[in-house]
Amino acid sequence: MTAVEVANLSVHYGPLRAVDDVSFGAAFGEVTAVLGPNGAGKTSTIETCEGFRRPTSGAVRVLGLDPWAQRTTLHREVGVMLQDGGVYPSARVGETVAQYCRLYNRSVSPTELVDRVGLGSRVTSTWRRLSGGEKQRLSLALALAAKPRVAFLDEPTSGVDVNGRDDVRGIIRDLASDGCAVILATHELDEAERVADRVVLFNRGKIVADSTLANLRSARTTVRFRSSTTLDTAALARHIGLDVSANDDEFMVSFTATDSSMASDLVSRISVWLGSNALPLHDLNVGGERLEDIFRMLTKGQGS
Amino acid sequence: MSALRSQIDAELSLVRRNGEQLLVTLGIPLLLLGFFGSVDILPTNTDDPIDFLVPGILALAVMSTSMVSLGIATGFERSYLVLKRLAATPLGTGRLIAAKTIAVACVEAVQMVLLVALGLALGWSPESANWLLALAAVVVGTFAFAGIGLALAGNLRGEVNLAASNGLYLILLLLGGLLFPLERLPAFLEAVGRATPTHALADILADSLMSAGHHTGTSWLVLGAWAIAMPAVAARTFRWN
């Protein structure tokens with residue numbers, strides 16, 4: 001059984017097709033990152049999987065259950081972390097975690113859970129007194145109180161400091177290695193790149209990429225280098241027959257890798273061209289595409 | 001059972017911690033009864049104002065807890081996405097409503113004990129009181145006011161709901177005939193007042209606790225209609241987030 005199965009799902013709000021006939025799955029023991037620009041349809045999809053929304057058409061199964069019709073049963077084994085809010089401002093950390101541990105009744109120790117998310121010293125603090133990062137940690141703790149088989153985590157590292165991010169990543173990896181299917185919604189592509197096994201990329205209500213991170217990155221090769229800002233990208237593009245993108249003094253050429261010798265040939269042609277135009281060549285780098293570049297390419301024309 | 005008990009604890013803990021809610025539910029009714037029960041300045045048409053005031057203030061207390069306090073707290077819970085987060089737990093809507101109902105009942109029990117005690121201390125002497133009938137009226141009244149509070153909370157933003165609930169509280173306090181007899185109002189306002197759940201509850205409580213000799217059939221009809229209509233409106237229109 002797949003942990004999450006989405007088949008031909010559409011979610012419409014009046015004339016707006018927020019989600020338009022999408023299908024994907026998430027497996028136990030894997031971290032699936034759901035990415036996309038704002039308004040791409042990822043929140044509507046995840047909220048449908050969580051049982052907050054009824055699909056306009058199509059089918060969703062989480063742990064084999066219909067999230068809308070079998071919500072209460074499903075929520076015994078599903079952990080949900082909202083992007084923000086979810087706790088009364090005057091509620092204290094310790095009692096909120098204890099409340100959720102009792103609600104799920106899965107023999108999770110509130111004390112251990114608070115320590116695990118690094119809030120051991122903030123047990124008596126109220127939600128309103130917590131920093132943004134601490135609020136995210138508390139929200140994560142509430143999802144963990146379910147001892148989940150499926151966890152939907154929305155922006156778990158948003159506002160969390162660098163050390164805290166390492167802790168949160170560790171928790172996410174632990175969840176997956178315990179067999180939990182983690183569905184991670186995030187705008188932080190660096191975060192997704194670090195923890196995700198699989199990426200589902202949304203754009204304008206459709207899925208434009210659904211693959212393992214390794215496959216996605218190896219599908220295209222990128223040559224990066226630094227040179228003078230006076231470099232004529234159009235002239236270089238004409239010379240090598242590929243688009244050249246520029247960001248200040250950093251230049252990038254991306255192509256579908258069909259032949260392993262293609263990269264070395266391209267590097268050679270670029271360096272010769274730069275030499276003949278008396279332009280410097282620094283920090284040359286050849287490798288798989290970064291998730292950020294893939295995201296930009298596949299979601300061009302929609303702000304993130 | 002564990003989930004329900006946990007949620008009841010959480011509800012009661014929030015009530016204890018929210019000072020402004022305690023002011024509305026306990027402070028204002030006690031203050032009004034204490035002040036107007038000691039100073040005879042209201043046109044109550046009775047020998048002792050306390051006999052008129054106690055049933056009315058008991059009705060006010062029910063309105064404070066089940067409409068204002070419950071409605072405001074629920075409205076803010078909706079704004080803060082607390083309800084949305086709880087909806088993703090095994091608690092379920094039924095147990096959430098049960099927990100809120102039990103929390104309201106606990107607060108009302110404390111209110112009743114304190115108000116009756118203060119009334120007795122100020123010389124109130126209930127005559128052949130029918131406490132069971134009074135309790136039944138309080139239960140029906142609670143449904144009516146909770147329905148109003150949740151209908152507002154389920155549709156308005158937290159801050160707007162706060163203002164609307166407090167405004168309505170004041171209007172129902174004045175038009176409900178709790179501090180002075182409705183006959184003192186102009187005919188139009190008197191008619192409006194008689195259609196309010198506040199007056200209906202106060203009228204039934206006055207009759208059941210003081211053998212006031214009222215014909216309370218109309219009041220039961222009015223209160224019952226509010227108790228059926230408003231929870232139905234709330235259930236139909238409530239938005240969880």
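**Starting in chain A**

Select Asn8(A), which has its place in strand β1 (residues 4-13) of chain A; helices (H or I, at least four residues) and strands (E, at least two) are DSSP runs, numbered from the N terminus. Before going on, note that this is a predicted model: local features need pLDDT of at least 70, side-chain atom pairs count only at pLDDT 80 or more, and totals for chains, interfaces and linings use all residues. Residues are numbered from 1 along each chain as its sequence is written, while chains are lettered from A and ligands numbered from 1 in the order in which they are written.

Back to Asn8(A): it isn't a glycine, yet its phi is positive, about 50 degrees. (A residue is buried if 20 or more other C-beta atoms lie within 10 Å of its own, exposed if 12 or fewer, and partly exposed in between; C-beta atoms are placed from the backbone.)

Now jump to Ser107(A), in the loop between α3 and α4 (110-116) of chain A. Here too is a non-glycine with a positive phi, of about 55 degrees. Ser107(A) has 7 C-beta neighbours inside 10 Å, so it counts as exposed.

**Two partners of α3(A)**

Select α3(A) and helix α5 (residues 132-144) of chain A: they pack at an angle of about 20 degrees, with axes 9 Å apart. Axes are lines fitted to C-alpha atoms, for helices over the stretch in contact, and angles run from 0 to 180 degrees between N-to-C directions. The pair is therefore roughly parallel; angles under 35 degrees count as roughly parallel, over 145 as roughly antiparallel, 65 to 115 as roughly perpendicular and the rest as oblique. To see the contact, show Val93(A), Thr96(A), Val97(A) and Tyr100(A) of α3(A) with Leu138(A), Ala141(A) and Leu142(A) of α5(A). Two residues are in contact if their C-beta atoms, placed from the backbone, lie within 7 Å.

Glu95(A), Gln99(A), Arg102(A) and Leu103(A) meet Ser2(B), Ala3(B), Ser6(B), Ala10(B) and Ser13(B) here.

**Where the chains meet**

Zoom out to the contact between the chains, which takes 20 residues from chain B and 21 residues from chain A. On the chain B side, α1 (2-17) and α4 (82-87) each supply at least two residues. Which helix gives the largest share of that side? It's α1(B), with seven residues.

**Into the core**

Next, select Ala141(A), Val182(A) and Leu184(A), the residues with the most contacts inside the largest nonpolar core, which has 145 residues. (A nonpolar core is a set of buried Ala, Val, Leu, Ile, Met, Phe, Trp, Tyr and Cys residues joined through C-beta atoms within 7 Å.) Helix α3 (residues 49-79) of chain B gives the largest share of this core, 17 residues. A second, separate core has eight residues, among them Val223(A), Phe251(A), Val253(A) and Ile270(A).

**Last stop: chain B**

Finish on Leu31(B), in helix α2 (residues 19-38) of chain B. Leu31(B) counts as exposed because it has 12 C-beta neighbours inside 10 Å.
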